[in-house]
Amino acid sequence: MNIEIYQVDAFTNDIFKGNPAGVCITKEALSESLMLSIAAEMAVSETAFLSLKDMNLKWFTPQAEVKLCGHGTLSVTHILKEKKLFNVNDTVTFNTLSGPLTALIQPSTIELDFPAPVLDFNITPSSELLTSLGIETEHVISYGIFDSKILIEVDDEDILLNLAPNFDRLKKIDGRGVLITALTKRDDLDFISRFFAPWVGVNEDPVTGSAHCALTLYWSEKLNKVKLNGYQASARGGYVSTELLPNGRIKLIGSAITVIKGTLHLPELSNY
């Protein structure tokens, strides 16, 4: 059995930037164990699996399935466009664990329509988490939770940029992901962020679309704006334009570029 496999750099126009995603598109759905094995083999933060029969879209890190992945969805849509299965101005609808998601194909960008998470700031900050991240309490402006992930705003972008978390220590704390954000001095941006998820095998995610849903809600209220521009300040870095829609959902806008096209050879599938 042979399967087409791709690697796409998402939320960027340049190769080796943005967030790399594996993309696997098949007629029929693959088994969960096979998808997890392929994701581990691809060894990027997420690999997206699309079954064309029912347009069911799933995302796996090298260690676990996730409910929502922005750069994986962007990458799948980009490949569908490249393969001419969908064209400019088409809207693609995916069935996912987070409900129906749509992607509008534009000439040079893709617009994703994602659900908005619930933000809850009525929680007590974890001193152990902050210490493991290298953040001093007096620099924390906000500390909340969304979709089992922590959101922290710090008072200086240099603190965010210079973070060097202790990932071994973080993994000993219960968690799923932690999103750090700050205002930025850059005129072309509204905010910057970084996202850490060692609990699912991704120490630092290069660009996290789902996190930008939470960031859109958060900064839209603070800045009194519905259209925002963010930069995720990982080593690779990536730009995400966002919009808080009138219906409360989130629009994420980004570009992608294919860097690898190949064939996955699966001669023996008895274990899957």
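User: How many aromatic pairs does a search of the whole structure find?

Analyst: The search finds 6 aromatic pairs, where rings of Phe, Tyr and Trp (its six-membered ring) pair if their centres lie within 6.5 Å, with planes under 30 degrees apart counting as stacked, over 60 as edge-to-face and the rest as tilted. This is a predicted model, in which local features need pLDDT of at least 70 and side-chain atom pairs count only at pLDDT 80 or more. Side-chain values use heavy atoms, with hydrogens and water left out.

User: Why is the pair of Phe191 and Trp219 called stacked?

Analyst: The ring centres of Phe191 and Trp219 are 6.1 Å apart and their planes stand at 5°, so the pair is stacked. Phe191 belongs to strand β12 (residues 191–197) and Trp219 to helix α6 (residues 209–223), so that the pair links distant parts of the chain, 28 residues apart.

User: What makes Phe191 count as buried or exposed?

Analyst: Buried means under 20% relative accessible area, exposed over 50%, and partly exposed in between (1.4 Å probe, protein chains only). Phe191 has a relative accessible area of 0%, and is therefore buried; Trp219, with a relative accessible area of 0%, is buried too.

User: How do you know whether Tyr239 is buried, exposed or partly exposed?

Analyst: Tyr239 has 43% relative accessibility and therefore counts as partly exposed, whereas Tyr231, with a relative accessible area of 17%, is buried.

User: What sits over the ring of Tyr231?

Analyst: The charged end of Arg186 does, 5.5 Å from the ring centre; the term requires NZ of Lys or CZ of Arg within 6 Å of the ring centre and within 35 degrees of the ring normal.

Definitions and conventions:
Residues numbered from 1 in each chain as written. Helix = DSSP H or I, 4+ residues; strand = E, 2+ residues; numbered from the N terminus.
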